[in-house]
Amino acid sequence: MHNNRDLEDLARIAARLKIAPRNTKVAIVGGGKESRLFQDLFGTNSFGPLLVTIQVVVDLDPLAPGILAAQEKGIPTSLELTAIIREDIDIIIELTGDGQVRDQIMAIKPPHVQVMDHVSAGLFLDMIRIDQERVKVERKRSYARRLELVAELASFIAHEIRNPLVSIGGFARSVFNSPRLTDHSDQHKLRIVIDETNRLEQVLKRIMEYARPHELLRQETDLNVLVRETVAMLDAQIRAHQWRVQTSFDPDLPSFQMDRELIKQALINLIKNSLECQDCSGTLTIKTQIQLSSALITVSDDGPGMDSHTLANVFNPFFTTKEKTLGLGLAMTRRIIEDHDGEIKITTSPGQGVSV
């Protein structure tokens with residue numbers, strides 16, 4: 001899943017490295033892990049001024065992960081090396097690591113076609129990763145500075161309000177429980193004071209949780225199992241809101257070091273964000289997969305989607321489009337993911353659902 005900022009970054013990187021002309025057509029020879037990485041990187045997405053299209057993926061093994069990934073993405077595949085003999089290919093990326101295969105490619109390729117061997121391809125991926133990591137760190141620092149100011153302000157306000165609020169609630173409960181209070185009208189008014197005090201205490205609790213730094217308790221975690229547990233835990237709420245859930249788990253997903261409870265909380269926030277859509281129900285799709293050597297979790301719904309204003313502000317603390325919510329759920333989710341050195345992205349448009 002790419003957003004416009006990703007595409008601009010990749011266009012800038014590609015232009016700086018001068019790796020490809022406009023409208024570049026690529027063939028990949030090799031169906032291993034690196035093949036999947038290049039498919040995730042290029043696919044059939046347009047990167048700003050560039051259009052990089054994978055024309056074919058070739059491997060002798062029909063069950064190679066790169067072949068299966070290409071078929072899932074709708075990219076043509078072949079078991080024959082001769083499939084690269086095409087006039088519409090600009091670059092052949094050789095990922096087999098086999099010198100004989102490279103020699104065969106050089107012998108049969110059209111004269112105008114360039115070849116990137118597995119060594120050059122590995123260096124290219126490393127350069128892309130380094131540049132993306134630098135951009136990610138810069139964005140994270142900028143967001144962290146703004147987040148720190150918001151957290152300090154929220155913490156100050158919460159502390160200033162908490163003590164008098166506890167006193168108000170305590171006195172109200174004491175008077176309400178007094179045997180001398182017999183007037184039903186006064187009892188009703190005190191009950192409102194107590195209920196609203198409880199609500200404000202919960203609001204302050206959430207603000208304090210948001211302002212408090214997370215101390216990660218990392219442990220080896222099977223992400224597929226964690227997602228299943230989270231969905232099972234929310235099953236009653238999902239059915240109550242008349243939503244259906246579809247799941248797709250990558251069986252090759254390795255274990256990762258993470259704080260199980262925090263990642264589970266992030267998933268709960270995402271799922272509830274879809275469930276709490278007013279007057280709508282549909283299908284919630286949750287998918288795990290490997291992308292560019294990272295774990296990718298996608299939570300998608302077919303609800304009403306977001307407009308551009310909501311999308312631009314959805315991760316900002318205290319921004320909300322719903323009644324009786326504080327607007328901290330997605331802000332906390334983003335913080336949890338970034339504390340795990342991850343990224344969170346949203347693609348949406350009005351009437352087209354949301355994919356996170």
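Student: How many salt bridges are there by the rule?
Tutor: Side chains of opposite charge can pair when their charged atoms come close. The rule asks for a side-chain nitrogen of Lys or Arg within 4 Å of a carboxyl oxygen of Asp or Glu. By that rule, the count comes to 10 salt bridges.

Student: And where do these numbers come from?
Tutor: This is a predicted model, where local features need pLDDT of at least 70, side-chain atom pairs count only at pLDDT 80 or more, and totals for chains, interfaces and linings use all residues. Residues are numbered from 1 along each chain as its sequence is written, and side-chain values use heavy atoms, leaving out hydrogens and water.

Student: Is Arg-239 buried or exposed?
Tutor: Buried means under 20% relative accessible area, exposed over 50%, and partly exposed in between (1.4 Å probe, protein chains only). Arg-239 has 55% relative accessibility, so this residue counts as exposed.

Student: What about Asp-195: which residue is its salt bridge partner?
Tutor: Both residues lie in helix H6 (residues 184–211), four residues apart. Asp-195 is partly exposed at 39% relative accessibility. The closest N and O atoms are 3.3 Å apart, and the partner is Arg-191.

Methods: Helices (H or I, at least four residues) and strands (E, at least two) are DSSP runs, numbered from the N terminus.
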